[in-house]
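Reader: I am new to this structure and would like a close look at a single part of it. Please take the time to connect the details.

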Number of protein chains: 2
Amino acid sequence: MKIGVFGTGMVGTTIGAKLVALGHEVVLGSRTRENEKAVAWARGVGKGASHGTFADAAEFGELLFNCTNGKGTLDALQAAGARAMQGKILLEVSNPLDFSKGMPPTLFVSNEDSLGERVQRAFPATRVVKTLNTVNCQIMVDPSRLPEPTQMFVAGNDPEAKRQATSFLREQFGWQHVLDLGDITAARGLESYLPLWVRMFGALGNADFNVKIVRAGG
Amino acid sequence: MKIGVFGTGMVGTTIGAKLVALGHEVVLGSRTRENEKAVAWARGVGKGASHGTFADAAEFGELLFNCTNGKGTLDALQAAGARAMQGKILLEVSNPLDFSKGMPPTLFVSNEDSLGERVQRAFPATRVVKTLNTVNCQIMVDPSRLPEPTQMFVAGNDPEAKRQATSFLREQFGWQHVLDLGDITAARGLESYLPLWVRMFGALGNADFNVKIVRAGG
């Protein structure tokens, strides 16, 4: 499959490398075509991996991943272009973390809105599915690194897009438990979990964890 | 032990009844001494259970539970009185849920502040421990109703108060896994988990669940 990945940070490069390892062709998109990190990533990953602008990645991908820093997400997607993203599924992985006031970060959008909703409003013809933002990127692409199956979530307005995203997460990354939380407003819940995640990270001493839902009678 | 419980809703009455069943003496506090729900509760629970004003409960308790509705928490605690709560451990269970704009609820304080912090600021001589707010009240007092041990958290400024709260949660209610998330600012994380909890509740169809932390190598 041809996949466009926006963002050259840890999340974008980890997801991009995994996708190439699975046999997909990936364009890693960033602001400039010759972004150093993207060039080095493509060289390191090899066949199937290339780099380009956000617009290049958007044009290329039949499926898109937004792995940009939350603060830069809307600008990055504007650069990618509504036309190129039209009708496509965008897995929206970013978090609205604001580190400007120090640690732990706060959220620059929360409670009555979310970054997932902002993205969907800005690109109404793109099928936004909020997912993967609740775990570290190593776990995103390899949930089996944890000793038990844990929980992944999807939220979005397009049921068929969520079904396809869920299948992709299961078959490609190995997510056995994907819970549909409802429409894109559920991104509020997924993003406002981050302040708790950050505290758990602090208390546990590393990011190599996720939660499993335990139910009565389950 | 003599325990004061503030609030006559599901949470207060469930915690109060459990405490009495464990052999403690409980005063369930509310705005008025003859609150109907508190009177009925005390009659139903029997020996060890009584009712009174918030101030009565605060005076009576060596340990205090705040189980009031988040919107009414600060007023209730003002009525309880700083003097009566001085030096005591207050297990702060409330959530800042705002149902005024319909379902799902939003939070009336979040992100850069929390209800737990507001309580601690308003009552600096009380040893506030935020806890139990992340699960349904049946699970609060009986985590073994779930088929595996799940996670409970504490947050607060007083390490000794957190140690005592943790022991109490373990020995009285059966919480095997209690994670200390840090000072009272970690209440932000515990409270901002609620929007995700509410969505999980909606997707799962009932509130009889909690999360377990799964760690790599764990």
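Which exposed residues does the face of α8(A) turned away from its buried side carry?

Author: This is a predicted model, in which local features need pLDDT of at least 70, side-chain atom pairs count only at pLDDT 80 or more, and totals for chains, interfaces and linings use all residues. Residues are numbered from 1 along each chain as its sequence is written, chains are lettered from A and ligands numbered from 1 in the order in which they are written, and side-chain values use heavy atoms, with hydrogens and water left out.

The face of α8(A) turned away from the buried side carries A:R163 and A:E171 as its exposed residues, where exposed means over 50% relative accessible area and buried under 20%, with a 1.4 Å probe and protein chains only. Helix α8 of chain A covers residues 159-173, a helix being a DSSP run (H or I) of at least four residues, numbered from the N terminus. Its 15 residues reach 20 Å from the first C-alpha to the last, close to the 21 Å expected at 1.5 Å a residue, that span being 1.5 Å times one less than the number of residues.

The buried residues of α8(A) are A:A161, A:K162, A:A165, A:T166, A:F168, A:L169 and A:F173. Seen down the helix axis, these buried residues fall within an arc of 160°, so they line one face of α8(A); the arc is that of the directions from the axis to the C-beta atoms.

Key
Helix = DSSP H or I, 4+ residues; strand = E, 2+ residues; numbered from the N terminus.
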